[in-house]
Amino acid sequence: IEIFALQGKPAPTHSGFITVPNGPESLVIDNEGGRAYTNEWTGKTVTIDVKRRASVSRWADGCRGSRGIALDPVRSLLLVGCEEGKLSVLDAKSGRALSYSGSVAGVDIIAYNPALHHAYLPGAESGSMNVIDVSDPGAPRIVATLPTAKGAHCAAADDQNDVYVCDPRRGGLLVFHDSQGQ
């Protein structure tokens, strides 16, 4: 992971590296906790101490292929998207695996809406997206499976309950509104 510093006018300058063997894949930062989290490619999530700029722990995340990552800092939950089609929910303080859910194939970049407690897992191979309710971290459940497009492998969520899914084969963006927030 390359670190940049902003000094004066926003002109980033190289400030260092953090080595993540067999990774990094995705990155999420917990500003309040002073931690960053990333994945190795195969079944491990790495915790980084931001001030020390060093890896402090590696946790088994239950994935064969660890891909996207999201954080619920209020509830101290780390959500890891597994390439094989599931969501792994970890305790962000201890790394303890709390649960798994999901059923789409080809997960890569995931999204999360902390207000709704919904995770979004697009599956590139399945051409669909699971909407997973994480209200009870010990028992996440699929509340919807929506059609997307073959190859759609990345998602982002906003604070208006919209989810944006890439459609790289058509060069487009699919937009879904999560009506459970209404």
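Start by selecting Cys-154 and Cys-166: a disulfide joins them, with an S to S distance of 2.0 Å. A disulfide here is a pair of cysteine sulfur atoms within 2.5 Å. Cys-154 sits in the loop between strand S14 (141–147) and strand S15 (155–157), and Cys-166 sits in strand S16 (residues 162–167), so the bond ties together parts 12 residues apart in sequence. Strands (E, at least two residues) are DSSP runs, numbered from the N terminus.

Stay on Cys-166. Its relative accessible area is 13%, so it counts as buried. Buried means under 20% relative accessible area, with a 1.4 Å probe and protein chains only.

A word on the model before moving on. It is predicted: local features need pLDDT of at least 70, side-chain atom pairs count only at pLDDT 80 or more, and totals for chains, interfaces and linings use all residues. Residues are numbered from 1 along each chain as its sequence is written, and side-chain values use heavy atoms, with hydrogens and water left out.

Next, select Cys-63 and Cys-82. Their sulfur atoms lie 2.0 Å apart and form a disulfide. Look along the S-S bond: the angle about it is -55 degrees, a left-handed link. This pair links distant parts of the chain, 19 residues apart. Cys-63 is in the loop between strand S6 (54–60) and strand S7 (66–72), while Cys-82 is in strand S8 (residues 77–82).

Is Cys-63 buried or exposed? Cys-63 is buried, at 8% relative accessibility. Cys-82 is buried too, at 0%.

Finally, show both bonds together. The count is 2 disulfides. With the bonded cysteines numbered in sequence order, the pairing reads 1-2, 3-4.

Terms used:
Helices (H or I, at least four residues) and strands (E, at least two) are DSSP runs, numbered from the N terminus. Buried means under 20% relative accessible area, exposed over 50%, partly exposed in between (1.4 Å probe, protein chains only).
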